[in-house]
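Thank you all for coming. I would like to walk through one structure with you, going from helix packing to sheets and then to a few individual residues.

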Amino acid sequence: MKFGTSGLRGLVTDLLGAPSARYATAFGRYLLQTGQAQSGSKVFVAGDLRPSTPQIMATCMGALERVGLTPVDCGFIPTPALALHAMKHRAACLMITGSHIPADRNGIKFYTPRGEIMKSDEQAITALADAIVLQEIDVSLGKQVEVEPAAEASFLERNRNLLPEHALKRLRIGVYQHSTVARDSLVTVLKSYGAEVIPLGRSKDFIPVDTEAVPEALVKLLRHWADMHRLDAIVSADGDGDRPLVADETGEPVRGDALGVLVARFLGAKVVSTPVTSSSGVEASGPFSVRRTKVGSPFVIEAMFEACEKGEAGVMGFEANGGVLIASSFEVAGRLLEPLPTRDSFVPILAALSAVARQGRGLSMVVKSLRLPVSLSDRLENFPNHRSARLMAYLRADRDNLNRFLEPVGKVSRVSDVDGLWIALEKGATIHFRPSGNAPEMRCYVEASSLEEAMPLLAKGLNLVSRF
């Protein structure tokens, strides 16, 4: 088990029992030692819908009780709902989720009263957890308590106040429900704005949905639903509801960085923080300054907080997976939208649908008007971490290695090593190789002037990696 781009992740078999109790104990001790909690302080806990989540939740709540804290069960709600509720109470929280990864894996997201933990917090919690390894640890479950309903209610209220009344009344929206913990909340919020909502694909089994690498089988299903139901859009989210999936009126998924740009315009942002994997066209897409970061919400949050500390206003961030983070207060539709510096899928969904309603044209045309370069991404699953490390070491060791490796796709013009390897090719396209921080996967991102150029470039890039 280790911390990835957002939270602790590992196989369920490696997380159940003592490991989850150890990390929850370490987190509780960290809160107490740093003065971010006192004996008896509440720590809010929630989870996603994968089968292992309830047991891990109960184990973590038991561990928090034993260090002198008071865990509060918020049930199965989206991560941003839990984070918002905890921040309103100036309390810490734990979200049990593996996000978009398969059901045989799970994880824990940690939040201090200020919000999502930073990399320095991760290091301190890991050190405390490592110190417990050789100790015998109590893994008994926490006592059963009634679920706190206020967290979900507060999140629904926030999103029902984001747009004007009846803002979506002429739209037909499909909600791909699968097993996302946001599936019912999305329906409730969209109906509150007058949209005609068609629930689709609800599942009893956990289905991992990666909004940054939507599989072709799902794209075909989205296209089928869009045509069959004459939909203006289809919306969904990943397992814990912090990354949006939005498809246009043809069923074609909208890239997450395009959703981020729509949110920046919708809010009137002045400063945008986003990772190097977001489109290179972001800088030219609006009257805001852009801060580029490594991949992972902690890095985006750190850059946002730095901007706020310098006195800048209108600060937000987004990731290529579509999750939007808000560091400043924004006035929207005559109401105040409070900061929520953790990934959220609801604001980008509502911003995109609002643009469709206001502009009176299809979402595909709304996105096309942004004039972002064509960007595609995909991943090789079950790609062992040691293999990823060997490939990256080989490519970084010698420019000749990189040139030989990329010879089938083009000549290297420029290289950036901020996070993975980003390579500009002489003919203007780019290709970016990055090992996933959460799972044994290798990701590949490409940009080109047209879809006809981008698709074969992505296929060739993945093929090169698979043959290494």
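Predicted model: local features only at pLDDT ≥ 70, side-chain atom pairs only at ≥ 80, totals over all residues.

On the α2 side the contact is made by Ser 20, Ala 21, Ala 24, Thr 25 and Gly 28, and on the α3 side by Ile 56, Thr 59, Cys 60, Ala 63 and Leu 64. Sorted by class, the residues of this contact come out as six nonpolar and four polar, with no charged residue among them.

Helix α2, residues 18-33, and helix α5, residues 119-132, have axes that come within 8 Å and cross at roughly 120°, which makes α2 oblique to α5. The handedness with which α2 passes α5 is right-handed. From α2, the residues that meet α5 are Arg 22, Tyr 23, Thr 25, Ala 26, Phe 27, Arg 29, Tyr 30 and Gln 33, and they face Asp 121, Ala 124, Ile 125, Thr 126, Leu 128, Ala 129 and Ile 132 of α5. By class, the contact of α2 with α5 holds nine nonpolar, three polar and three charged residues. You will notice that Thr 25 is listed in the contact with α3 and also in the contact with α5.

Now to α4, residues 79-88, which is mostly covered, with eight of its ten residues buried. The buried ones are Thr 79, Pro 80, Ala 81, Leu 82, Ala 83, Leu 84, His 85 and Ala 86. What covers these buried residues includes the strands β3, β5, β6 and β18, together with helix α6 at residues 150-160. Just after α4, Arg 90 takes a positive phi of about 50°.

A strand that is also mostly covered is β8, residues 172-178, where seven of seven residues are buried. Arg 172, Gly 174, Tyr 176 and His 178 point one way from the strand, while Ile 173, Val 175 and Gln 177 point the other way, and all are buried. Strand β8 runs parallel to β9, residues 196-202, and six bridges join the two; within that pairing, Val 175 has Pro 199 of β9 as its bridge partner.

Let me turn to the open sheet, in which five strands follow the order β19-β23-β22-β21-β20 with antiparallel pairing. Strands β19 and β20 stand at the edges, each with a single partner strand, so one side of each is left without a neighbour in the sheet. From one strand to the next the twist averages 15°. Within this sheet, β22 at residues 430-435 and β23 at residues 442-448 pair in the antiparallel sense over six bridges, and Thr 430 has Glu 447 of β23 as its bridge partner. Helix α13, residues 385-397, packs on the sheet and touches β21, β22 and β23, its direction making about 135° with that of β22. Helix α14, residues 399-406, lies across β20, β21 and β22 and runs at about 120° to β20.

Leaving aside residues up to four places away in sequence, Val 415 touches Arg 399, Leu 402, Leu 421, Trp 422 and Ile 423.

Most residues other than glycine have a negative phi. His 166, in the loop between α6 and β8, is not a glycine and yet has a positive phi of about 60°; at 44% relative accessibility His 166 counts as partly exposed. Ala 333, in the loop between β16 and β17, likewise has a positive phi, of about 55°, although it is not a glycine, and with a relative accessible area of 43% Ala 333 is partly exposed.

Notes: Residues numbered from 1 in each chain as written. Heavy atoms only, no water. Axes fitted to C-alpha atoms, helices over the stretch in contact; angles between N-to-C directions. Helix = DSSP H or I, 4+ residues; strand = E, 2+ residues; numbered from the N terminus. Parallel < 35°, antiparallel > 145°, perpendicular 65-115°, else oblique. Left-handed = near helix turned anticlockwise from the far one by under 90°. Contact = heavy atoms within 4.5 Å. Nonpolar A, V, L, I, M, F, W, Y, C, P; charged D, E, K, R; others polar. Buried < 20%, exposed > 50% of the residue type's maximum accessible area, 1.4 Å probe, protein only. Pairing = 2+ DSSP bridges.
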